[in-house]
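Please read the following report alongside the sequence and the coordinates. It takes up the pairing of strands, then the packing of helices, and finally the aromatic rings.

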Amino acid sequence: MRPLPQPTPEAATVDRGCLDDLAGHLLRHAFLRGQQVFAEVFEGEGLTPFQFMVMELVDKNPGITHRDVASAMSSVPSVLTTALKPLLASGQLERIAVDGDGRRVAYRLSRQGRDSFHALRPRIAKAEDRLLAGFDPAARSAFLAALRSIAGRSGPR
């Protein structure tokens, strides 16, 4: 993943109008910053944030179907297919049959995938700490709760 372009000195003087008061605009910039931090922390691992999400979901839900992974990620199945190709090709993920329906496909981590992912997974805390470095614990908790609410995930976890 390429690093985000650095703002030009002139960008500091650009009148952004109402943009810095729009949640969607700020969320987009925060999302891009999150992608950049992930790339820094996981540099050289060949893993994208989207693939990390896939690995986490499959690790926690062995045998989860393609459709359910896509739904849990708020994605469409075709985008998921593209993200899965390198994970399947490298042997990190295994495709398994769904009982009673030969058309549906499900996934589980291979032994290699599980070992590799479990070795990498603790680094996500480093990425989160770097991304949210300006937040004290109470502000961080409130921020995450607000994001869960916006995302429609404010129920039990």
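Predicted model: local features only at pLDDT ≥ 70, side-chain atom pairs only at ≥ 80, totals over all residues.

The bridge partner of Ile 64 is Tyr 107 in strand 3, while Thr 65 has Ala 106 of strand 3 as its bridge partner. Ala 106 also stands opposite Ile 96, and strand 2 (residues 93-98) pairs with strand 3 in the antiparallel sense over six bridges.

Taken as a whole, the three strands form an open sheet in the order 1-3-2, with antiparallel pairing; strand 1 and strand 2 are the edge strands, each of them pairing on one side only. The hairpin of strand 2 and strand 3 has two residues between the strands, and in this hairpin Gly 100 takes a positive phi near 85 degrees.

## Helix packing

Helix 4 (residues 77-89) packs against helix 2 (residues 49-60) at an angle of about 85 degrees, and the axes of the two helices are 10 Å apart. Since angles of 65 to 115 degrees count as roughly perpendicular, helix 2 and helix 4 are therefore roughly perpendicular to each other. On the side of helix 2 the contact involves Phe 50, Gln 51, Val 54 and Met 55, which meet Val 79, Leu 80, Ala 83, Leu 84, Pro 86 and Leu 87 in helix 4. The residues of this contact divide into nine nonpolar, one polar and no charged.

Helix 4 also has a relation to the sheet, for helix 4 lies across strand 2 and strand 3 and runs at about 105 degrees to strand 2.

## Aromatic pairs

The structure holds five aromatic pairs. One of them joins Phe 42 and Phe 52 in a tilted arrangement, with 6.0 Å centre to centre and 55 degrees between the planes. Phe 42 lies in the loop between helix 1 (23-41) and helix 2, whereas Phe 52 lies in helix 2, so the pair ties together parts that are 10 residues apart in sequence. Both Phe 42 and Phe 52 are buried.

The pair of Phe 135 and Phe 143 is likewise tilted, because the ring centres are 5.0 Å apart and the planes stand at 35 degrees. Phe 135 counts as partly exposed at 33% relative accessibility, and Phe 143, with a relative accessible area of 29%, is partly exposed.

Key: Residues numbered from 1 in each chain as written. Heavy atoms only, no water. Axes fitted to C-alpha atoms, helices over the stretch in contact; angles between N-to-C directions. Helix = DSSP H or I, 4+ residues; strand = E, 2+ residues; numbered from the N terminus. Parallel < 35°, antiparallel > 145°, perpendicular 65-115°, else oblique. Contact = heavy atoms within 4.5 Å. Nonpolar A, V, L, I, M, F, W, Y, C, P; charged D, E, K, R; others polar. Pairing = 2+ DSSP bridges. Phe/Tyr/Trp six-rings, centres within 6.5 Å; stacked < 30°, edge-to-face > 60°. Buried < 20%, exposed > 50% of the residue type's maximum accessible area, 1.4 Å probe, protein only.
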